[in-house]
There are 2 protein chains.
Amino acid sequence: MKVSELGEFGLIDLLAKTIAGSPGKEAGQQLILGIGDDAAAWYGDTSTQLATVDSLIQDVHFSLGITPWHELGWKALAANLSDIAAMGGMPRYALVSLALPDHTEVEDITALYQGMIELSRQFNVAIVGGDTSRAPLVIITITVLGITSQDNPVLTRSGAKPGDKVAATGCLGTAAASWEMLTKQLRFNSEATACLKEAFLHPYPRIAEGQLLVEQGVKTAIDISDGLISDLNHICKASQVSARIEVERVPILPTVKANFEGKAHELALSGGEDYELLFTGSVDVINKVKTTASCPVTVIGEITTAQPSQVTVVDEKGKPIKIHKAGWEHFTAR
Amino acid sequence: MKVSELGEFGLIDLLAKTIAGSPGKEAGQQLILGIGDDAAAWYGDTSTQLATVDSLIQDVHFSLGITPWHELGWKALAANLSDIAAMGGMPRYALVSLALPDHTEVEDITALYQGMIELSRQFNVAIVGGDTSRAPLVIITITVLGITSQDNPVLTRSGAKPGDKVAATGCLGTAAASWEMLTKQLRFNSEATACLKEAFLHPYPRIAEGQLLVEQGVKTAIDISDGLISDLNHICKASQVSARIEVERVPILPTVKANFEGKAHELALSGGEDYELLFTGSVDVINKVKTTASCPVTVIGEITTAQPSQVTVVDEKGKPIKIHKAGWEHFTAR
């Protein structure tokens, strides 16, 4: 059945039913009104409040030929949860604004929501509102509201200091490698294929790690959504510092190294959508994070003072490497 | 200059500068981080929290030939503030997700934001975040976060009871009349033209009135964004009641009556975007609202028990009138 047969209010009813019973436990207890009124309502508290929004636009941010509806729902929410993770926060509520062509299949929308619900359950996030409208292409805009544990400061982009080490969680370039594999229809062994697919289609926001960073005294973090260089640039600009990355230290999955020889570094430096955390701190602070984190944490460079707001990448001999593509930026010619 | 020349991060810088210094006073004092980090952050409090989102899509919700950029910004925010008004709340923070074609003029985007800022100042709303992306058409998604005064209940759609009177603020059908005028290029005298234009291009959300409704004991309200019948239908469905509207009582501006003879009732019953408040309550409660409100409040019908979830419109003799178009609904064939 197409959404045009269901109508807007029929679709809203269906989505409300799909979501019913799925709200996150803690967020749900605070909830006064979820989907179905002019606004969602919940009991406030004195935690620091966080809010972030992201739009995903068909054939700009995703292609339905590459990303199935269920995975699209997961990813759309994951991208926003990752922004809350980068603040050291806990996500609580989500609002979903969905624009769709008339001919969209209702089952596809249900799958989209199932993907969102699956991820939302893992982090006790309640989907509490949104809106639906007709559009010539699919547009998913998710707003996520979160909190930080009481009295905890938020992680910002603006606290990096010269001498700080630059570190990252997990491995970089995996999502970009997956994108290459999927769009160019590259064929690898089944293990590599599954591993890469998972990275691109089911990114896992580093919520627990973001909170750990705060606990261990990290002040500055960002999530790697645009690409390592691009996101480190954001930190440098906001902190008015420069940074140097040692390319050989950047953590890359063996599968990516093996299957993208000669291109792996570029993918790791400029590929986006890994949703890992990039952060800075003193050697002591970073070491505390390394010993307490349940995921790999790698020091990849340091914050310098030279040339404000510049990111330099150097090879194993300390020689600067020219970077052709820093990462993802909208509106610029590519 | 086109946004493609400025780039995404250049555009974000420009928007941050445009917004700087404009945050609402009260909301601004609570703000920890506005635009420029992964998420906005502010100090929470124990008020009831409200959240609503709406997407406006080019050539679905608006046409740039009819609505100039400045007015588009105003309207986009007004539609969301109106949802907070319908809950009896006060808006505090807004997040703006903006998708644009590459060739969009930067000055147009500045005008769009100026329109939003102008309205946001009137209600002490701070624009604290958002995102920008490339798209084949203009899409504006605004999330508004608000609160209700402490200990105040929220207005919902679900509290209407048989015997309640149905009332509305202001006049209905004015925005729809304006739309007819603008799209069909109808010509009226300058006073009528100005009055109609204002209704469509500068709708004024009923924030103060929403709070007044709560204070006077109203439990049930909605804003008239889809159209009177359609929005009353939402109340009836959520409250499991029916309603009867007396068509001759529906408040219509003399200008609309005079210039849209024979069509004025249809515009008032089915036209959307008036952003007036529709509410129900006992005769006593409605009378208290009427004597304290600084805008016209008109009783237009009552809540009945007959036939759950049905809205009936009757003429001056009590004879039911057939309604062809209830209001605005996405995805349905029109």
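Modeller: **The sheet and its helices**

An open sheet with mixed pairing is built from six strands, in the order E1(A)-E2(A)-E3(B)-E6(B)-E4(B)-E5(B); two strands count as paired if DSSP finds at least two bridges between them, and the elements themselves are DSSP runs numbered from the N terminus, helices being H or I with at least four residues and strands E with at least two. Strand E1 (31–33) of chain A and strand E5 (126–134) of chain B are the edge strands, each pairing on one side only. On average, neighbouring strands of this sheet are turned by 20° against each other, direction ignored, where axes are lines fitted to C-alpha atoms, for helices over the stretch in contact, and angles run from 0 to 180 degrees between N-to-C directions.

This is a predicted model, in which local features need pLDDT of at least 70 and side-chain atom pairs count only at pLDDT 80 or more, while totals for chains, interfaces and linings use all residues. Residues are numbered from 1 along each chain as its sequence is written, chains are lettered from A and ligands numbered from 1 in the order in which they are written, and side-chain values use heavy atoms, with hydrogens and water left out.

Within the sheet, strand E4 (residues 90–100) of chain B runs antiparallel to strand E6 (residues 139–148) of chain B, and nine bridges join them; Leu95(B), for instance, has Thr143(B) in E6(B) as its bridge partner. Helix H1 (residues 3–19) of chain B packs on the sheet, where it touches E4 and E5 of chain B, and its direction makes about 175° with that of E5(B); contact here means heavy atoms within 4.5 Å.

Helix H4 (residues 106–122) of chain B lies across E4, E5 and E6 of chain B and runs at about 170° to E4(B). From its first C-alpha to its last, H4(B), with 17 residues, reaches 25 Å, close to the 24 Å expected at 1.5 Å a residue, the expected span being 1.5 Å times one less than the number of residues. Among the buried residues of H4(B) are Val106(B), Ile109(B), Leu112(B) and Tyr113(B), buried meaning under 20% relative accessible area, with exposed over 50% and partly exposed in between (1.4 Å probe, protein chains only). The cover over the buried residues of H4(B) includes H1, helix H3 (69–85), E4, E5 and E6 of chain B. Just after H4(B), Asn124(B) takes a positive phi of about 55°.
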